[in-house]
Amino acid sequence: MEKYELNKFITEYSKKLLDLYQAFSISVKREEYDSLSKEIQKDDFWSDQKKAQDTISRLNAIKDSINQYDSLEKKFNDIKDSIDLALVDNDLMMMLEDEIETFKKELDVSEKNALLCGKYDFNNCILNGDF
């Protein structure tokens, strides 16, 4: 890849990562995660088993979303940090290109997951190809 292609990638995928941050409502989820974490520390948390299980399920789902985003953000930052070195070393450039392709695929999956992160999307459903 040439420098202009790498710069284009950084510009385009910085925006996509920000869009994903907003779609997943990461800042809101971090606050909710902190709140739910405090709630499960209360002495009477297990007094209502159904509510406790729902809370744990919600906490795990939030944690998964946050971890998914954080992992992508770390990979993106690692790619950005490696660009200057890769521009002078062909072997590093080949490794960087592989990392970029992997990152793009993972981000694509996350973008599709963002479409399914609404209020009712934790429920099961059946889809057919006739839509």
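Modeller: Welcome! Read along the sequence, the protein chain follows the pattern α-α-α-α. Please keep in mind that this is a predicted model.

Colleague: Thanks! How many helices and how many strands does the protein chain have?

Modeller: There are 4 helices and 0 strands. As for burial, 24% of the 131 residues in the protein chain are buried.

Colleague: And what can I say about contacts along the protein chain?

Modeller: Take the contacts between residues at least 6 apart in sequence: 73% of them join residues at least 24 apart.

Colleague: Let's turn to helix packing. How do I describe two packed helices?

Modeller: In general, you give the angle between their axes and the distance between the axes. Here, helix H3 (residues 49–86) and H4 have axes that come within 10 Å and cross at roughly 155°. Angles over 145 degrees count as roughly antiparallel, so H3 is roughly antiparallel to H4.

Colleague: Is the crossing of H3 and H4 left-handed or right-handed?

Modeller: The crossing of H3 and H4 is left-handed.

Colleague: Which residues of H3 and H4 meet?

Modeller: On the H3 side you can find, among them, Leu72, Phe76, Ile79 and Ile83. The H4 side includes Leu96, Ile100, Phe103 and Leu107. Sorted by class, the contact of H3 with H4 has 12 nonpolar, 4 polar and 3 charged residues.

Colleague: Where do Phe9 and Phe103 sit in the chain?

Modeller: Phe9 is in helix H1 (residues 3–23) and Phe103 is in helix H4 (residues 90–114). They are 94 residues apart, and the pair links distant parts of the chain. Both Phe9 and Phe103 are buried. Together with Tyr13 and Phe76, they form one aromatic cluster.

Colleague: One last feature. Which residue has a positive phi although it is not a glycine?

Modeller: That is Ser25, with a phi of about 50°. You can find Ser25 in the loop between H1 and helix H2 (26–39).

Terms used. Residues numbered from 1 in each chain as written. Predicted model: local features only at pLDDT ≥ 70, side-chain atom pairs only at ≥ 80, totals over all residues. Heavy atoms only, no water. Helix = DSSP H or I, 4+ residues; strand = E, 2+ residues; numbered from the N terminus. Buried < 20%, exposed > 50% of the residue type's maximum accessible area, 1.4 Å probe, protein only. Phe/Tyr/Trp six-rings, centres within 6.5 Å; stacked < 30°, edge-to-face > 60°. Axes fitted to C-alpha atoms, helices over the stretch in contact; angles between N-to-C directions. Parallel < 35°, antiparallel > 145°, perpendicular 65-115°, else oblique. Left-handed = near helix turned anticlockwise from the far one by under 90°. Contact = heavy atoms within 4.5 Å. Nonpolar A, V, L, I, M, F, W, Y, C, P; charged D, E, K, R; others polar.
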